[in-house]
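Try each task before you read its solution.

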Amino acid sequence: MTVLRFDDVTYRYPNAPQAALRDVSLEIGDGEFVVAAGLSASGKSTFLRAACGLVPHFHGGQFAGRVTTGGLDTREHGPAALAAVAGTLLQDPETQVVLSTVRAELALPLENRGLAPCAVARGVEEAALALGIGELLDRPTHELSGGELQRVALGAALAGRPPLVLLDEPTSQLDPVAGDELVWLLRRLNEEWGTTIVLVEHRLERCLAAADRVLGFESGTVACDAPPRGFLEWAVECAPALATPAARLFARAGLRPAPSGVKQARATLRAHGLLDVGAPASPEAPPARPRRRRLRRRSQPEPAPALAFRGVWHERSGGRAVLRGVDLALAPGERVALMGRNGAGKSTLLRHANGLLEPTRGRVQSAGRVALLLQNPNDFFLAARVADELSEPVLARAGLAALGERHPRDLSGGERQRLALAIVTGGAPAAAVCLDEPTRGMDRAAKGALAGELRAAAAAGSAVLVATHDPEFAALAAERVVLLAEGRVIADGPAGELLTGGWYFATETARIVDGALLPEDGAALLRARMTLEVHP
Amino acid sequence: MTPRASALHAARAPIAAAYACALVVAVLSFEHPLVLAALGAAIVATGALARCARSLARAALFGVPFAVAIALVNPLVAREGLNVVLRLGEIGPLGHLDVTRESLVFGAILGLRALLVVLAGGALLSATVDPDELLARFRRVSVRSALTAALAVRLVPVLGRDARRLADARRCRPDAAARPNTAERLQIVRAVATGAMDRALDVAATLEVRGYATPAAPGRGRRPPEPWSRHDLAVAVSALALLALCAGARLAGVAGFDAYPRTELALGTAEWVLAGALVLVALAPFAERRGIEP
């Protein structure tokens, strides 16, 4: 049975120069787990909004074709009517929760459907049980963390057990643990209840293993519609920015088929006898690089740190201690990733770097100005034109000169991040550049570009400290990783050591090939093992 | 908010809201200092018994400066009263200014009333009444108005957080002063207003996909009448009794007070009885402890 059907759908937002969806035709069957992938502005979120009726009823614009959701034609039924057959979870958890208690939030969609009070109460209990949020039911929503808010919003989307659930990047604001848990929760709902899941996601390595089918969007069209392995084969060939690290690892090592997850990848390697081979470390393997660097550092006098936290404590008045004696020093030109689960104290530590917060004990030292880029680049935009935010030479240096007449909020995610970074640095090198979760909602290409900019800043002498939940980005952007937990530094070492050998704070490549951090390193190791196998 | 932390929490939302409103009406009905003091004591005791004394204290932090401002402004703008206590002479646009004892007393009374309104109508109401339940009941009367109210209720704290984040981001600019000047403040306000549109659209989209605009379905809004609990009855009777006492006292001329030209107030048995009765009636619902969670 088909629960979602698109027939030649073309859609253009009001005043948009081009269509966001072009001639999209597809069918999604009952009980499928479908992932929609694509670069930013490729049309995947619009696809989701068309499925739940927000397009065209809420956004307006020009709509052609037909979308049938749960048997209802979206041209005749608005989002409210479609809510009975499709639960929808949009991106920002803060605006996804409307009422002031969790119980009321879960009850709202059921009450809107006119269910009897006992049915509402039962639906609330079942949604809470399914998502493990029973203990949150009577909590005020303003007290919840981002992950808890996202679960509550998902509970509201699931209350009443709609046959179809549509989710737009639900893990973008969650730490790796909470993100993985959410994806597996969706898989469980899919397997146990038969709920059809359509999930828009940038971090494909997180969800492809759970998916039955992947839609690859390009410029508003569905360029690929295949099972995960088929999609990855296509991505490696035609859209490398969409290929997961595991797929890139296999492609570079000359192995096929591309694996949809760690389990498949390891099984394939095991079958080829490439796993647990006691091969000597390849000269290209990354752990060797930090070791050389450390030796060099020991033989040279320690340079004065660009940024140093000396026994920094931060205790909230009447609350808990967020930072507990953090000692951390960054040398000029050093690139450090700050990782840890939600609430570990990463953002609070960064806010001490440039004086937004004062330590309650300890001190922060810097060799000059510290530029701090906060989580949401939109917060930095006060003017209506890009050209009014910065001088012309600074815009030119940031590569944004051509966008001077645009409104800052109309830029793409990567462009906004670049503009915000130029605003906080003022176009001049700073002693240290700190970034708080800069990759939220960014596609892989934009993340790669940002990592390049950070490397350039470090090459110019700035120390770089970036708080991130994304191990792939940390591996790309940083040479050293600091792990925070409960406000304490619990691990501090080279990226090659800290991002390998773990479950959550590890890259996908590291979880497949022990000792490798990035697909290029892993492929080199695998090629070395293949050589060993051929010439024992 | 603990659902059954007190009789006020246990009562249904419209009744608890009516109780808070009755206290506000009582405060606005009288200028007599003894009665206002009694109502103040009743509000503070209600807050303590409803376990929201902390909320009242927080509200007082904002309310007291507001009350003091009113108390100070009244003597400067009032031109009445016979007992001059301070001759300030000609003061610019205010003209000739004499501060009278009557204007000082009445300023203090106005300030006290403002403070009590903030405590009863703001802090007590928000700490004891479930806004979701209130909205859900109001929605049956007017869907669109309730939608607007839901958006506003949700957006106020969200926009407050946005403003704090924008102010922090402004401080991250290399040329930023420690405190923003007026032009920079205006820029932040404008950016928050721009962001408010985006936020409002996001929240509205969420409400849409939660089915808020669904046309009335069979059974919707026809929740079977719930029997009144003893707490519903006690709080409702208390609210009605407060209103009746106010109306009766006004009609009977009890607790009369004249601010000008000379401060005159009745202070007989009737006033003491009225003050005591207001306190007793306001606190009576809290005597019933059955079903209240520790």
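Residues are numbered from 1 along each chain as its sequence is written, while chains are lettered from A and ligands numbered from 1 in the order in which they are written.

**Exercise 1. Find the stretch of chain A where the pLDDT is below 50.**

Step 1: Start with the average, which is a pLDDT of 88 for chain A, with 94% of the residues at 70 or above. Here pLDDT is the predictor's confidence in each residue, from 0 to 100.
Step 2: Now look at residues 279-298 of chain A, where the pLDDT is below 50. This stretch has 27 contacts in the model beyond near neighbours in sequence; a contact means C-beta atoms, placed from the backbone, within 7 Å.
Step 3: Where pLDDT is low, the predicted coordinates should not be read in detail.

**Exercise 2. Locate the two domains of chain A and describe their contact.**

Step 1: Domain 1 covers 2-93 + 160-243 and domain 2 covers 298-499, with bounds from an automatic or database domain assignment.
Step 2: Their centres, taken over C-alpha atoms, are 32 Å apart.
Step 3: Domain 1 of chain A brings 12 residues to the contact and domain 2 of chain A brings 13.

**Exercise 3. Trace the open sheet of 4 strands in chain A, then a hairpin.**

Step 1: The strand order is β2-β1-β4-β5 (chain A), paired antiparallel. Strands (E, at least two residues) and helices (H or I, at least four) are DSSP runs numbered from the N terminus, and two strands pair if DSSP finds at least two bridges between them.
Step 2: β2 (21-29) and β5 (72-73) of chain A are at the edges with a single partner strand each, so one side of each has no neighbour in the sheet.
Step 3: β1 (residues 2-12) of chain A joins β2(A) over 6 antiparallel bridges; T2(A) has G29(A) as its bridge partner.
Step 4: V214(A) is bridged to A226(A). There are 2 residues between these strands, and S219(A) in the turn has a positive phi of about 50°.

**Exercise 4. Is chain B a compact globule or more spread out?**

Step 1: Count the elements: chain B has 10 helices and 4 strands.
Step 2: Its radius of gyration, taken over C-alpha atoms, is 24 Å.
Step 3: The C-alpha atoms of chain B fill a box of roughly 65 × 65 × 35 Å along the principal axes.

**Exercise 5. Which helix gives the most to the side of chain B that touches chain A?**

Step 1: The contact takes 38 residues from chain B and 45 from chain A.
Step 2: α6 (131-139), α7 (143-171) and α8 (182-209) of chain B each supply at least two residues of that side of chain B.
Step 3: α8(B) gives the most, with 11 residues.

How values were computed. Predicted model: local features only at pLDDT ≥ 70, side-chain atom pairs only at ≥ 80, totals over all residues. Rg over C-alpha atoms; globule rule 2.2 N^0.38 Å.
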